[in-house]
Amino acid sequence: MSAVETTFYRPPGVVDRLTSASTWETGARHWPSGEQQTLTCCRVVNETHDVKTFEFRTEDGLPVRFEPGQFMTLSANVHGQSVERCYTISSPPTRPYLVSITVKRVPRGVMSNWLHENMKSGNQLRAYGPSGAFTSTASAAPKSLYLSAGSGVTPLMSMTRASIDLGLDRDIAFVHSARTPADIIFRQELERMATLAPRLKVFFVCEATGDKTDWVGATGRLSLPLLSEWLPDYVDREVFTCGPAGYMSAVRDLLREGGHDPARYHQESFDISTGVVPEPTPPADGAVQDTVTVKLSKSSKTFTMSASETVLSAARKAGVVIPSSCSQGVCGTCKTKILDGTVDMKHNGGIRDREVQKGFRLLCCSRPTSDLVLEL
Ligand SMILES: Cc1cc2nc3c(=O)[nH]c(=O)nc-3n(C[C@H](O)[C@H](O)[C@H](O)COP(=O)(O)OP(=O)(O)OC[C@H]3O[C@@H](n4cnc5c(N)ncnc54)[C@H](O)[C@@H]3O)c2cc1C
Ligand code: FES
């Protein structure tokens with residue numbers, strides 16, 4: 001029996017609507033989505049030996065409106081260079097005045113190490129967003145399965161925290177994979193939330209026990225027999241997955257093998273190293289120029305590039321700095337208006353249709369099909 005006994009009133013039909021940030025007030029004014037903000041660090045929490053949570057407030061104290069699972073793009077000056085990276089908001093939208101990100105140190109990684117070493121209470125950085133479509137609020141599924149590994153826990157944590165803050169007794173099974181018990185991020189909080197919400201079930205699986213010889217939980221990798229033992233009804237659940245690319249591909253295979261409907265599977269990748277910008281569509285008439293000229297309207301710079309390259313990568317080679325982060329059409333950081341010319345863009349959800357209609361494109365996943373003039 002759980003330590004705290006709770007009875008929930010669940011108004012029929014309003015559960016998923018209630019978790020959507022867009023449906024409840026966070027004050028008349030808020031940080032408008034898509035605009036830049038200066039964030040001030042208020043607190044740093046050590047989560048594990050290589051993971052820290054950084055809590056921020058906006059410069060003028062405005063609440064931040066977002067959907068649980070969305071991310072911000074942070075921009076910092078690291079050793080004299082402007083560096084942008086995406087970080088999921090790990091706090092829930094129900095606590096809009098203090099947004100947190102939870103960052104795992106990546107060996108030799110520029111931004112994660114800079115944040116761990118430099119971001120302290122009172123320090124500031126620029127952020128834009130929030131953006132991203134990986135959120136459970138769009139789904140009205142009665143039962144969910146959250147599968148995460150490593151720092152991939154962050155979007156699912158925001159979703160779970162929101163559900164708990166709103167007093168919603170949603171049927172959520174949260175299965176987190178870690179290298180060792182010492183690497184489990186948010187372990188105590190997840191266990192505490194599971195005692196508060198009778199229908200939240202939390203499971204951990206560790207690849208190895210590490211120094212914790214008293215670990216009595218599951219060891220090894222997540223497998224179909226383990227999942228079926230914990231959750232015999234997993235095929236009935238809407239699945240949300242986040243973690244390293246290898247983990248997500250293993251999870252997808254495992255679920256497919258177990259008969260889970262791929263249409264009810266949602267995932268977010270943090271892994272930019274394995275991210276692939278799809279190849280361009282071959283032109284029907286073979287009429288595309290091999291080399292094109294790109295003009296920048298504001299700086300009056302001009303460079304030439306091969307039509308087989310992305311505009312972002314060619315701009316970098318030409319010494320033109322364009323803000324970017326994921327390089328795979330996810331984060332929206334490289335969004336730029338095309339004033340003249342055409343490109344073939346293959347994005348992964350980082351731009352909205354209405355922005356495309358207004359002439360914006362993501363330069364990291366756009367290859368030119370004519371000479372271009374960019375609003376830069
Ligand atoms: C939508 C989204 C949400 C995200 N949310 C989170 C989150 O909540 N928490 C989190 O921790 N991360 C998150 N990430 C990942 C994050 O954006 C960064 O990618 C991560 O922190 C690594 O950035 P970095 O600057 O430290 O590493 P980078 O400097 O970008 O390096 C990444 C990797 O490349 C290697 N590398 C870099 N340069 C070289 C080189 N010259 N030669 C060989 N190898 C090299 C590094 O060793 C490292 O392994 C998210 C990513 C996305 C796209
Ligand atoms: S850099 Fe992320 S969408 Fe282009």
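This is a predicted model: local features need pLDDT of at least 70, side-chain atom pairs count only at pLDDT 80 or more; totals for chains, interfaces and linings use all residues.
R221 is exposed, with a relative accessibility of 64%. The R221 and E207 side chains form a salt bridge, 3.6 Å from N to O. R221 sits in the loop between β10 (218-219) and α5 (224-230), and E207 in the loop between β9 and β10, so the bridge ties together parts 14 residues apart in sequence.

How many salt bridges does the structure hold? The count is 17.

Next, D171 and K201. The closest N and O atoms of this salt bridge are 3.6 Å apart. D171 belongs to strand β8 (residues 171-178) and K201 to strand β9 (residues 200-206), so parts that are 30 residues apart in sequence are tied together by the pair. Is D171 buried or exposed? D171 is buried, at 9% relative accessible area. K201 is partly exposed, at 30%.

Both residues also belong to a network of salt bridges, which links K143, D171, K201, D233 and R237.

Last pair: K317 and E309. Their salt bridge has its closest N and O atoms 2.6 Å apart. On accessibility, K317 is exposed, with a relative accessible area of 68%, whereas E309 is buried, at 17%. The cut-off for buried is under 20%, so E309 falls in that class.

Key. Residues are numbered from 1 along each chain as its sequence is written. Chains are lettered from A and ligands numbered from 1 in the order in which they are written. Side-chain values use heavy atoms; hydrogens and water are left out. A salt bridge is a side-chain nitrogen of Lys or Arg within 4 Å of a carboxyl oxygen of Asp or Glu. Helices (H or I, at least four residues) and strands (E, at least two) are DSSP runs, numbered from the N terminus. Buried means under 20% relative accessible area, exposed over 50%, partly exposed in between (1.4 Å probe, protein chains only).
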